[in-house]
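These are my notebook entries on a structure that I looked up piece by piece.

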Amino acid sequence: MSDKPIFKKSDFESDQAVRWCPGCGDYAILAQTQKVFPEITTKKEDVVFISGIGCSSRFPYYMDTFGFHTIHGRAPTIASGLKVANPDLSVWIVTGDGDGFSIGGNHIIHLMRRNIDLNIMLFNNRIYGLTKGQYSPTSEQGKVTYSTPMGSLDHPFNPSKLVLGAEAGFVAKTIDRELKHLQEMIKRANAYNGASFIEIYQNCNIFNDGAFSELTDKETKSEKLLRLQDGEPMIFGPTDNKGIYLDGTNPKVVDIGKKYSVDDILVHNEKDEFIADMLSNFTSNDVFPEPIGVLYCKERATYDGLMEEQMKEAQKKDKSKKTLHDLLNAGDTWEVK
Amino acid sequence: MAKKIKFQTLDEVTIRFAGDSGDGMQLSGGRFTQTSAIVGNDLSTLPDFPAEIRAPAGSLAGVSSFQIHFSSKEIHTPGEKPDVLVAMNPAALKVHLKELIPGGILILNKNAFTPKNLKLAGYESDPTEDASLDDYYSVHYIEMSKLVTNACEGMDLPSKTIERTKNLCALGVLFWMYDRPLEPTIDWLNQKFKSKPEIIDANTRALHAGYNYGETAEITTRYVVEKASLPAGKYRNINGTLASCLGILTAAEKSQLNIAFAGYPITPASNLLHTLSNWKNFGIKTFQAEDEIAGIGVALGASYGGSLGITASSGPGIALKGEFIGLAVMTELPLVIINVQRGGPSTGLPTKTEQSDLLQALYGRNGEAPVAVIAPATPGDCYFATYEACRIAVKYMTPVMVLSDGYLVNGSEPWLIPNPDDLKDFIVKFEKENTSGEKFLPYKRDKKTLARGWAIPGTKGLEHRIGGIEKQNITGNVNYEPDNHQEMTDTRYQKIQNIVDEIDPTSIYGKKKGDLLILSWGSTHGACKSATEQLVKEKYSVGHVSVQWINPLPPDLKKILKNYKKVLIPEVNSGQFRKIIRSEFLIDAVGFNEVKGRPLNPSSIVDKAKELISE
């Protein structure tokens, strides 16, 4: 949005006391969202935050916009209906790994394939927080929690990979501690015309503290984080000394300097779904760094846009200009005197 | 030599068309219905088809039927035992013969009685060969397949296609027998198969072949069923699906609201989605959701956005929607849920009718979650009940459930075409822009109705948050205080009770006071009214009341119940409404309950009523 901001951060802060645990990663996400919104909207009344159930789903109460705290896993359905009713709104779904990918998994995948023009912020902390610490569908296998004292048995989902499989057109990843990056991803999601998906790694300091510490600790993060930039080589490491090299169809982590130069390193292309698929496989993979940034961004027709077109077409095609009266009186009729 | 034909006048006739799923019996029944409507009979129909799309040809499971009851008097049910049975194959005969009245007319497609079909139907010997049927019925053995083959001789069509026209042949025989015109059917064929003249020709020939068979064969009696004297006006035939959809469209036109209908395919509710999907030119948006939960979620989301959200389903789908209905109650948004009830529990009897979701409609949610419930009485009444549901949902900012059922949506009746201007006004008031600088109060209420305002996203100054957590009255903020929860629970209850102001005085058929009141809700209306007519004719002191609003109940019902010594409540369930009436009014209401997947028979209700009166 090119208009000069007419709002400040405080205009997006509601009068409700924020009630997450002290130290929760959600605070940072809320603050960055409130900070970035004056830059992306001049019509606060058009902004709607919709959530399901869980810690992250309290988010709408704290934004001074329209907000709907719905039921567990079902925010995508309310958001879809809202966009069907009014395609002009700026709709934001806030969900968690349990809400969006366990109980609400079905809705997420269908939302992505329909490509309704809205934005999804997944707060992935890999744990159930509000119900006090059970493993979630993104928890690593073997997770010891209250419900899995001997370790969880099920293999986790990789949300970004899952939504790519569900034909998502915009997939980005970021981290609660990466403040500027988080803001940037929100702006990018907002700019995308279609269903945009941001996976945000979020630390639950009560039930899953340190789940992403490798990606946030100063000592390790440069080694473990791959910051994606469209059109730029995939370089990481403390001195930009490593990169992703494509050996045939296999990506490899290589050292830059001797055998490989920067020119050998794979260049990111947000529009390339094969690169996006490859990058999504780096997650929780010991060999590869964790990619953050826009994995994939390619526009295609939106459901709400197509629906509006179909509605217009139906009205245009309707040469007979039938009225309600005509429909009531359609078919064989007869008079009784 | 011309044969001698006798014309006999009858008050009413019930015909059942039965055949294999692929035999086109629904079509024959539908055309006979349309023609009977045009000649001015009152009528009522009951299609009955298997849940399987194409059960093995010739099998008992694959039998599909269509019953029409038509009359020169006012009638209210699709009839009980048929006077005429058309059986297109041995399986249809096997399934339906036991219902044909003794001495009834039996029309058989003789060509279908092959050893293979007989075996599939479980016949040891061919019943059309041993004359056993002739002792009990007036049987016409018609070689329909042969008749149509001869009629279509010389046409360049596959024999299979020609064979498929035999349903028109059967129809032709009946048109001759009941003295009805062929033109409406021929016009319809011309319209339906516009681009396939050879199909029009073959079917028209088959229709004539059947009619001419009547002229020339050994049938000597034709029947006349005169026009019924219905209230004056313009009529059409209508089923409950179309009536409900027209009710929705009328609501859209009168309110100027956009409609968003979201649903998931389920028998027998899917036709609502199909019908409305054709009305995009009227601005109706439809959304086929990924599941039942999404269906109602999308509808509620649309309502939140300022459209009227509507969803439809049947029992199993309604069970899945329960949590969302609770959210609609909590957030006080308009929402219409059409439940086309079918046999339950679980998957139950998907294609058969039942009234067993009443308690689910009233109580099937967690917490104190009152929902307005309205039940149409006849296929045509689906129009009025659905319109009213839409109007009340908006006026009272509440979910409203329409309790329809399989019989209502598929059954049909002549319908006095209403004038939408005669319906109650449908006024919509969205909350206006708030530039006062003062905080918007989303749970501030209308003093009379207790409805909160409809504040839709996109309206300046109305930014606010709603959700499933208990709200503070007026401000809408999250609130866990004991007294507030009590107040809000009471308010939500009272808001639904306030709908009594919208309910017209209850009309009573028959005696206004007396020995017995027959009380019905929903689609048992017809059977109960017919039973009451019979009882009144026999000088019994009986009245009939059919309630359309179930939550809240009509305010005058209490007084009416007191005017009778006994109350009988016939239902296609095990006594759910009786439970409500007994608990609400502390009266010893008696039930007549049957769950056999079909509407109740008036005669059974008459018997039960007499038994009660004589006790």
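**Entry 1: one glycine.** I looked up B:Gly233 and found that it counts as partly exposed, because it has 14 C-beta neighbours inside 10 Å. For this I used the rule that a residue is buried if 20 or more other C-beta atoms lie within 10 Å of its own, exposed if 12 or fewer, and partly exposed in between, with C-beta atoms placed from the backbone. I noted that B:Gly233 is found in strand 9 of chain B, residues 233–239; strands (E, at least two residues) and helices (H or I, at least four) are DSSP runs, numbered from the N terminus. Leaving aside residues up to four places away in sequence, B:Gly233 touches A:Val336 and B:Leu416, where a contact means that the C-beta atoms, placed from the backbone, lie within 7 Å. I also checked B:Gly309, which is 76 residues from B:Gly233 in sequence and 33 Å from it in space, C-alpha to C-alpha.

**Entry 2: what I am looking at.** I wrote down that this is a predicted model, in which local features need pLDDT of at least 70 and side-chain atom pairs count only at pLDDT 80 or more, while totals for chains, interfaces and linings use all residues. Residues are numbered from 1 along each chain as its sequence is written, and chains are lettered from A and ligands numbered from 1 in the order in which they are written.

**Entry 3: chain B as a whole.** I found 20 helices and 23 strands in chain B, and 54% of its 615 residues count as buried. Of the contacts in chain B with a separation of 6 or more, 76% are between residues 24 or more positions apart.

The domain assignment, whose bounds come from an automatic or database source, gives chain B domain 1 (6–224), domain 2 (236–422) and domain 3 (508–614). The centres of domain 1 and domain 3 of chain B, taken over C-alpha atoms, are 36 Å apart, and their contact takes 6 residues from domain 1 and 8 residues from domain 3.

Entry 4: I looked up chain A next and found 12 helices and 12 strands, with buried residues making up 47% of its 337 residues. Which strands form the open sheet of 9 strands? The order is 7(A)-11(A)-5(A)-6(A)-4(A)-3(A)-1(A)-2(A)-17(B), with mixed pairing, where two strands pair if DSSP finds at least two bridges between them. Strand 7 (225–227) of chain A and strand 17 (465–467) of chain B stand at the edges, each with a single partner strand, so one side of each has no neighbour in the sheet.

Within this sheet, strand 3 (residues 90–96) and strand 4 (residues 119–124) of chain A run parallel and are joined by 5 bridges, and A:Gly96 has A:Phe123 in strand 4 of chain A as its bridge partner. Helix 3 (residues 75–85) of chain A lies across strand 1 (47–51), strand 2 (66–69) and strand 3 of chain A, running at about 175 degrees to strand 3 of chain A; axes are lines fitted to C-alpha atoms, for helices over the stretch in contact, and angles run from 0 to 180 degrees between N-to-C directions.

Key
Contact = placed C-beta atoms within 7 Å.
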